[in-house]
Amino acid sequence: MQFIRDILDNVKPNFEKGGKWEKYYYLYEAHETLFFQPNHTAPSKGAHVRDAVDLKRMMVTVIVALIPCLLYGMYNVGVQHFTAAGEAFTFGSAFAFGAIKTLPIVAVCYATGLAVEFVFSVVRKHPVNEGFLVSGMLIPLVVPPTMPLWMVAVATIIAVLLGKEVFGGTGMNLLNPALTARAVLFFGYAKNMSGDQVWTALDGYTGATVLGDIASKSKEQVAELVAAGNGLFSVENLFFGNIPGSIGETSALMCLIGAAILVITGVGSWRIMVSMVLGGLAMGYLVQTFNNGGFGAVPAYYQLIMGGFAFGTVFMATDPVSAAQTNVGKWIYGFMAGFLSILIRVINPAYPEGVMLAILLMNVLAPLIDYFVVNANKKRRLSRATV
Amino acid sequence: MSKSINLRKGFDIKVSGQAKPEVVELASETLAVKPTDFVGYGKPKMLVKEGDKVKAGTPLYYDKSLEAVKYTSPVSGEVVEVKRGAKRRLLEIKVLADKEVEYESFNKYSLPELSRLSEEEIKSQMANSGVWPHIIQRPYAVVANPAHTPKAIFVSGFDTAPLAPDFEVLFAGEEANFEAGMEVLKKLTSGKVHLNVNGQTPKVFAQAKGVEVNSVSGPHPAGNVGVQIHNIDPIGKGDLVWTVSPYGVVQIGKLFLEGKYDASRIVALTGSEVAEPKYYKTYNGASIDKLIDGKLSSKNVRIVSGNILSGEKVAKDSYVGFYDNQVTVIPEGDNYKFFGSFAPTSRLSFGRSLGLLSFLNRGKEHVLDSNINGEHRAFVQTGVMEQVLPMDIYPVYLLKAILAEDFEEMEALGIYEVAEEDFALCEFVDVSKHEVQSIIRRGIDLMLNS
């Protein structure tokens, strides 16, 4: 690998202080550090040895956890297309069709997002943050496969700008950038992305999501559908993800695989995931017991596998920067996110997909939750003061 | 009431290069007192000049912010150099040692006489002889002020840091001195003297009487005295607690039993780059050059006075720190690692992010270099520092309060209870590679000077 090192060492002086491309140092650094972990050593006072982990590896772990969702999502885009068109398909043709629809969205998302990151790193003179490696993968997974590419680009740019860079970059942001992108699309281009209709990659073909369907039906009608358990109302279809929807979030099973990776590696907070599921179930039971609309006939555990709940729980709510930071805070944050997700889903027929809004709302409330948790710690300390 | 504390948070860092229990005599030609070892003070005033003859226990300097405490020469000989750095900052006072050490004479007592001594007699003998700087005050972890009376004194009877020396070797035969030292300490506090041990009690503690023996168990940093205080009798605002290392207790005992400042000490030379790690009997402030001469197995190394988590990097021509009973030599990590952020690796890690495989082999002794394995970033990951800090403190909030120089927040979040070493593991595990211990000391300095 010495030749890569040689090339890098050759051009490095141009980017260092006094070099002709001095301004672009962080751009150079971003690329150099992809290949080589730098030769920085610990300062003369402090810990002289350090953990092998760095932010790049942590972010890559999240991306790997997202791959099952991405791969299944590609396949499912093909399956839904051919099913809607009434054509026969093989595993290969479905996957290929899905890949052709999906990969451009991923590419556009990374290209525009990283472009914004690069511009900011040059203008604001800070290192290019690894955070977008994850956001760039999350955004394509939460949009429908029919999303026009230019809308993806606009949403990504706005999300990186307003969701992150205006606050100072990764680590300083209040909102989850990927959810910000989804919110931009949701409110800005509602015609192309709404919670009650769903787009299959077939011209002019739309169908109701299971959530939209339930919201528009009476309790008795839904009860019959759940009892029959076919199509959109089949537990298997919902769990394995054989339903139309946003690219990456239809399959609860793939989300579970991702959750396992995040929890085993310690990168994602199990506290948030568990408490969010508990919150969702709690509200699910309340709905089942008290709601007289369509949702009243839905068993509570359906709520966990319908719509984006599983994906949001595993990948969106657990973003360490925008979530609560204290352990107690994480329990409260997760529970409320789950509880509100179902509440919004059921009570507000205009937004049957409540997970995004619930998590964004809890992102905003997370510092407040932490404030109270940390305050309790301060009070404990104060209570043993002698003067 | 003696307490029994079981700590679960923390992380033991297993490194290769543990010293064999074998002690070798090592004469050092020059020795030095380094005013920089005594953090929190920075106005040293010299009492000798180059060329002066001194004895072991002759004051070399004092600090203008704490004039009562004298810093004395560890051996007899001639002051050969007063080394200053930028802005004439006093770095080292070097003494060329005599063949036979001559001692300044101090008052000598038998053990029963010690309990009849007055606090003033004890304090003045300690402050003038050179043993006083072993007494550290919390809050702030700085040399204590003899004018104060602490609510308790804590001695940590074990060391959980990487490659920590064995107390049985360090303090072999010092039972009587330790007993006398504890006897003296009892006179200095209005409360209790705590001795914290972790299950097996080294012989040296066997004779100590009338002290509170607590049992503390758990992974590092369970052996840190700050962590022990927090879990046994936490420091509140306005509280004052003193801490002394076992070596300090032995030194104090020796001063009163023998009437002289005998700065001899055993230092462990440890680390993966030491060919045969073992113990050396020398004096406080021994020369690093002499200690490592011909004993290293590689060239590009980092020499750390102290342990690798909270020690200080020293040059070959420097000297062992006042508070250190080990010197660790590890490889300098000033090299690039190809795909270092992505390739699977068995390098030691607390977490288990993808490709970090060290958790598969927990018992392995690692060779760790000084590379920080990454780049500086903003705080991103949450909840990890908490897993290695067995204190009821929110580390990231405290660090952010310090960075923001918010005094009230620092106080409310527990700055009085911490020292850098308690946060050493937080620095180790931090994915964003902050200089956590420096930040903590910056916070303490801010509080001290406010």
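The model is a predicted one.

The contact between the chains draws 54 residues from chain A and 68 residues from chain B. On the side of chain A that touches chain B, at least two residues each are supplied by helix H2 (25-35), strand S1 (36-37), helix H3 (55-85), helix H11 (252-265) and helix H16 of chain A. H3(A) provides the largest share of that side, seven residues. Sorted by class, the side of chain A that touches chain B consists of 23 nonpolar, 20 polar and 11 charged residues.

Strand pairing also links the two chains. S1(A) pairs with strand S21 (residues 337-338) of chain B in the antiparallel sense, over two bridges. Within this pairing, A:Phe36 has B:Phe338 as its bridge partner in S21(B).

Attention now turns to helix H8 (residues 395-403) of chain B. Seven of its nine residues are buried, so the helix is largely enclosed by the rest of the structure. A residue counts as buried here if 20 or more other C-beta atoms lie within 10 Å of its own.

After H8(B) comes B:Glu405, which has a positive phi, near 55°.

Key:
Residues are numbered from 1 along each chain as its sequence is written. Chains are lettered from A and ligands numbered from 1 in the order in which they are written. This is a predicted model: local features need pLDDT of at least 70, side-chain atom pairs count only at pLDDT 80 or more; totals for chains, interfaces and linings use all residues. A residue is buried if 20 or more other C-beta atoms lie within 10 Å of its own, exposed if 12 or fewer, and partly exposed in between; C-beta atoms are placed from the backbone. Helices (H or I, at least four residues) and strands (E, at least two) are DSSP runs, numbered from the N terminus. Two residues are in contact if their C-beta atoms, placed from the backbone, lie within 7 Å. Ala, Val, Leu, Ile, Met, Phe, Trp, Tyr, Cys and Pro count as nonpolar, Asp, Glu, Lys and Arg as charged, and the others, Gly among them, as polar. Two strands pair if DSSP finds at least two bridges between them.
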